Amino acid sequence: MWENRRDIYLRGIANTFAALDRRFRSHDGFKIGSRLIIERALSDSGRWWSDYNRRDTLRDVERVFRELDGLGPCPESMSIIEQVTSGRDYTPFVINGDYFRVRVFGNGNLHLWFERKDLLKEVNKLLAEYYGEVIGDGYGTTEAAEAPEYHMTPAKDFGAFMSSEAVAHRVIEDAQIGKGMIVLEPSAGTGVLAKAAREAGALVDCIEIQPGLAHELRVLHGFEDVRQADFLTLSPSPSYDRIIMNPPFDRGRDCDHVRHAFGFLKPGGILVAVMSARAEFRDDKRHRAFHEIVERCRPAYGWRKWHDLPAGSFAHAGTNINTVILAIRKPD
């Protein structure tokens with residue numbers, strides 16, 4: 001633990017902000033704007049915390065800011081969490097603290113503004129250090145001149161951060177792949193997802209941009225239908241029961257790949273994609289075009305389309321970036 005103390009420290013900060021709001025699971029969440037809404041944190045009267053996880057998280061965030069400001073922890077009686085439940089007889093009311101401005105509403109919601117932009121910048125640097133920017137999640141915008149058209153240049157290092165067997169198992173489970181289904185893996189890489197689908201009884205077609213990996217998929221892994229090509233240059237045809245994918249994340253390319261893959265999916269078919277945590281929340285042109293497709297679809301199972309992968313799911317590939325699974329069913 002002593003040797004890994006820096007990583008433990010950074011992970012603690014990352015977990016604190018992720019608990020505050022899911023959008024902070026991707027460190028570019030700080031670019032969502034200056035206001036953050038914490039829903040139903042207080043009782044309707046605003047006199048006590050209805051969700052103590054929210055209380056403790058806000059206290060933890062305050063501790064992080066105080067530490068970066070060179071100060072020690074303050075007594076709980078002086079903390080922002082005590083000021084929030086100060087017993088005002090009216091709502092809404094505003095609390096101006098050292099690091100936050102908080103507006104308390106009668107429905108129990110808190111609207112939180114970060115007041116110290118210099119410290120927020122320092123926190124963002126720590127999260128970037130922890131998550132890593134190797135897969136392009138540290139950029140300021142996804143807006144290309146042609147957005148929302150596709151990025152037609154390959155990602156840095158082809159965005160090749162391969163899935164683990166644990167992630168592959170989850171993808172196959174969410175895709176509900178069964179014997180005889182026709183499955184497409186449009187960024188097959190080393191074949192981790194494709195092999196898991198084949199083991200589940202599916203007939204799997206692979207597309208891979210890198211010639212060496214495409215050759216290995218044919219020769220070493222025994223896939224009969226492998227196309228060495230840039231997936232985004234291929235014309236879609238809705239002929240697949242299932243599409244499973246772990247596309248490159250760099251600068252919103254995961255959104256491009258999912259949008260294009262949707263055209264290869266049969267009506268009623270299921271698409272399951274491993275994506276950057278920011279894909280659920282970003283609101284630029286590229287992501288809005290992607291969200292239009294997601295909104296047309298039903299969840300592949302249950303009532304949610306988005307599912308968090310465990311923290312560190314891609315640590316084996318050299319990054320702590322948070323990831324999610326999108327699991328959707330195409331309308332019939």
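These legends describe close-up views of a predicted model.

**View 1. Confidence across the predicted protein.** The mean pLDDT is 83. In the protein, 83% of the residues reach 70 or more. Residues 134–139 fall below 50 in pLDDT. Beyond near neighbours in sequence, this stretch still has 26 contacts in the model.

**View 2. Helix α2 packs against helix α4.** Helix α2 spans residues 52–68, and helix α4 spans residues 117–131. Their axes are 10 Å apart. The packing angle is about 100 degrees. Angles of 65 to 115 degrees count as roughly perpendicular, so that is how α2 and α4 are described.

**View 3. The residues where α2 meets α4.** From α2 come Val 64, Phe 65 and Leu 68. They meet Leu 119, Leu 120, Glu 122, Val 123 and Leu 126 of α4. Seven residues of this contact are nonpolar, and one is charged. No polar residue takes part in the contact.

**View 4. The largest nonpolar core, with 34 residues.** Phe 65, Val 84, Phe 100, Leu 110 and Leu 112 touch the most other members. Several elements each supply at least two residues of this core, including α1 (5–20), β1 (35–38), α3 (80–84) and β2 (93–96). Strands β3 (100–104) and β4 (110–114) are also among them. Helix α4 gives the largest share, seven residues.

**View 5. Gln 176 in a loop.** This loop runs between α5 (165–175) and β5 (182–185). Gln 176 has a positive phi of about 55 degrees, although Gln 176 is not a glycine. Is Gln 176 buried, exposed or partly exposed? Gln 176 is partly exposed, because its relative accessible area is 33%, between the 20% and 50% cut-offs.

Conventions
Residues numbered from 1 in each chain as written. Predicted model: local features only at pLDDT ≥ 70, side-chain atom pairs only at ≥ 80, totals over all residues. Heavy atoms only, no water. pLDDT = per-residue confidence, 0-100. Contact = heavy atoms within 4.5 Å. Axes fitted to C-alpha atoms, helices over the stretch in contact; angles between N-to-C directions. Helix = DSSP H or I, 4+ residues; strand = E, 2+ residues; numbered from the N terminus. Parallel < 35°, antiparallel > 145°, perpendicular 65-115°, else oblique. Nonpolar A, V, L, I, M, F, W, Y, C, P; charged D, E, K, R; others polar. Core = buried A, V, L, I, M, F, W, Y, C linked by side-chain atoms within 4.5 Å. Buried < 20%, exposed > 50% of the residue type's maximum accessible area, 1.4 Å probe, protein only.
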